[in-house]
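Please read this briefing alongside the sequence and the coordinates.

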Amino acid sequence: MSIDIETLRPAVSDAIGLAGFGLYVTNYILLTLHRVRSESIFYFAINGAAAAMVLIGLSTSFNLASAMIQIFWLCISAFAIIIRLRAGRRMNDASV
């Protein structure tokens with residue numbers, strides 16, 4: 001019994017995309033319940049991971065508008081993480 005990779009690929013990418021959706025929803029629930037702050041690196045890391053996973057899901061059934069939204073979320077999440085890391089570094093330098 002052999003597994004056809006080409007048949008398996010769409011199912012795997014769809015599963016990854018759905019898991020990305022789950023991350024988006026979980027992150028929003030955590031934010032709503034005050035378990036995560038919208039200013040935290042963790043919040044943006046989860047959003048970035050969710051966007052990357054949804055982009056993988058789009059690889060088998062591409063939609064340009066959805067891909068553009070995911071690319072935006074990846075970029076803004078990376079930008080927000082960099083800003084917060086730099087701010088944290090500046091605060092550490094100032095306290096020395």
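The points below are grouped by topic.

This is a predicted model, in which local features need pLDDT of at least 70, side-chain atom pairs count only at pLDDT 80 or more, and totals for chains, interfaces and linings use all residues. Residues are numbered from 1 along each chain as its sequence is written, and side-chain values use heavy atoms, with hydrogens and water left out.

**Fold and totals**

- The chain has three helices and zero strands, and its elements run α-α-α from the N terminus on; helices (H or I, at least four residues) and strands (E, at least two) are DSSP runs, numbered from the N terminus.
- Of the 96 residues in the chain, 22% count as buried; buried means under 20% relative accessible area, exposed over 50%, and partly exposed in between (1.4 Å probe, protein chains only).
- Among contacts in the chain with a separation of 6 or more, 62% join residues 24 or more positions apart; contact means heavy atoms within 4.5 Å.

**Surface patch**

- Ile69, Phe72, Trp73, Ile76, Phe79 and Ile83 make a nonpolar surface patch of about 550 Å². Patches are made of residues with over 30% relative accessible area and no salt bridge, with like charges joined within 9 Å and nonpolar side chains (Val, Leu, Ile, Met, Phe, Trp, Tyr) within 5 Å.
- Phe72 lies in helix α3 (residues 64-95) and counts as partly exposed because its relative accessibility is 48%.

**Salt bridge**

- A search of the whole structure finds one salt bridge, defined as a side-chain nitrogen of Lys or Arg within 4 Å of a carboxyl oxygen of Asp or Glu.
- Arg37 forms a salt bridge with Glu39, and the closest N and O atoms are 3.6 Å apart.
- Arg37 is exposed, at 56% relative accessibility, whereas Glu39 is partly exposed, at 45%.

**Buried residues**

- Leu58 belongs to helix α2 (residues 41-58) and is buried at 10% relative accessibility.
- Not counting residues up to four places away in sequence, Leu58 touches Asn63, Ser66, Ala67 and Gln70.
- Leu58 and Ile16 are 42 residues apart in sequence, with a C-alpha to C-alpha distance of 9.6 Å.
- Ser77, in helix α3, is buried at 1% relative accessibility.
- Leaving out residues up to four places away in sequence, Ser77 touches Phe44, Asn47 and Gly48.
- The side chain of Ser77 also reaches the backbone oxygen of Trp73 at 2.7 Å.

How values were computed. Accessible areas come from the Shrake-Rupley method with a 1.4 Å probe; for residues, only the protein chains shown count as cover. A polar contact is a pair of N or O atoms within 3.5 Å; within protein, one must be able to donate a hydrogen and the other to accept it, and residues adjacent in sequence count only if both atoms are side-chain atoms.
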